[in-house]
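Student: Could we go through this model together, with the cut-offs behind each label?
Tutor: Gladly; here it is.

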Amino acid sequence: MLEKLKVIIKKVLPHVDVDRVTEQTNLLTDLGFDSLALMMLSMEIEEAFQFRFTEFVRFETVGDVCGYLESRV
């Protein structure tokens, strides 16, 4: 799941060195996500995994996103 998410992160923030991204990486402080980038991340996730977010989900780390996606698959 982490590797697939790294591809999505690279699409949203091309300047990020995804080789350094781990599950403990913080989306805001470590990667520099802002509200627009988080929205774009959500859209890319929906497209890649073929589902729609039906509720607000707060992601702080890459691991939070991975855990959520693993629970959906």
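Student: Which residue lies over the face of Phe51?
Tutor: Arg72 does, at 4.2 Å from the ring centre. A charge sits over a ring if NZ of Lys or CZ of Arg is within 6 Å of the ring centre and within 35 degrees of the ring normal. Lys4 has its charged end over the ring of Phe49, 4.6 Å from the centre.

Student: What should I know about the values before going on?
Tutor: This is a predicted model, where local features need pLDDT of at least 70, side-chain atom pairs count only at pLDDT 80 or more, and totals for chains, interfaces and linings use all residues. Residues are numbered from 1 along each chain as its sequence is written, and side-chain values use heavy atoms, with hydrogens and water left out.

Student: What makes Phe51 and Phe53 an edge-to-face pair?
Tutor: Rings of Phe, Tyr and Trp (its six-membered ring) pair if their centres lie within 6.5 Å; planes under 30 degrees apart count as stacked, over 60 as edge-to-face and the rest as tilted. By this rule there are 5 aromatic pairs. For Phe51 and Phe53 the values are 5.2 Å centre to centre and 70 degrees between the planes, so the pair is edge-to-face. Phe53 and Phe59 also pair edge-to-face, at 6.3 Å and 65 degrees. Ring pairs link Phe51, Phe53, Phe59 and Tyr68 into a cluster.

Student: Why is Phe53 called buried?
Tutor: Buried means under 20% relative accessible area, exposed over 50%, and partly exposed in between (1.4 Å probe, protein chains only). Phe53 has 19% relative accessibility, so it counts as buried. Phe59, with 14%, is buried too.

Student: Is Gln50 buried or exposed?
Tutor: Gln50 is at 65% relative accessibility, so it counts as exposed. Gln50 lies in the loop between α2 (35-49) and α3 (62-72); helices (H or I, at least four residues) and strands (E, at least two) are DSSP runs, numbered from the N terminus. The phi of Gln50 is near 55 degrees, a positive value in a residue other than glycine. Most residues other than glycine have a negative phi.

Student: How do you know that the buried residues of α1 line one face?
Tutor: In α1 (residues 2-12), Leu5, Lys6, Ile8, Ile9 and Val12 are buried. Seen down the axis of α1, they fall within an arc of 165 degrees, so they line one face of the helix; the arc is that of the directions from the helix axis to the C-beta atoms. On the other side of α1, Glu3, Val7 and Lys11 are exposed. The buried residues of α1 pack against α2 and α3, where contact means heavy atoms within 4.5 Å.

Student: Why is the pairing of Glu3 with Lys6 called a salt bridge?
Tutor: A salt bridge is a side-chain nitrogen of Lys or Arg within 4 Å of a carboxyl oxygen of Asp or Glu. Glu3 and Lys6 have N to O at 3.4 Å, so the pair qualifies. Both lie in helix α1, 3 residues apart, about one turn of the helix. Glu3 is exposed at 53% relative accessibility, whereas Lys6 is buried at 10%.

Student: What makes the pair of Glu44 and Lys11 a link between helices?
Tutor: Their side chains meet in a salt bridge (3.4 Å, N to O). Glu44 lies in helix α2 and Lys11 in helix α1, so the pair ties together parts that are 33 residues apart in sequence.
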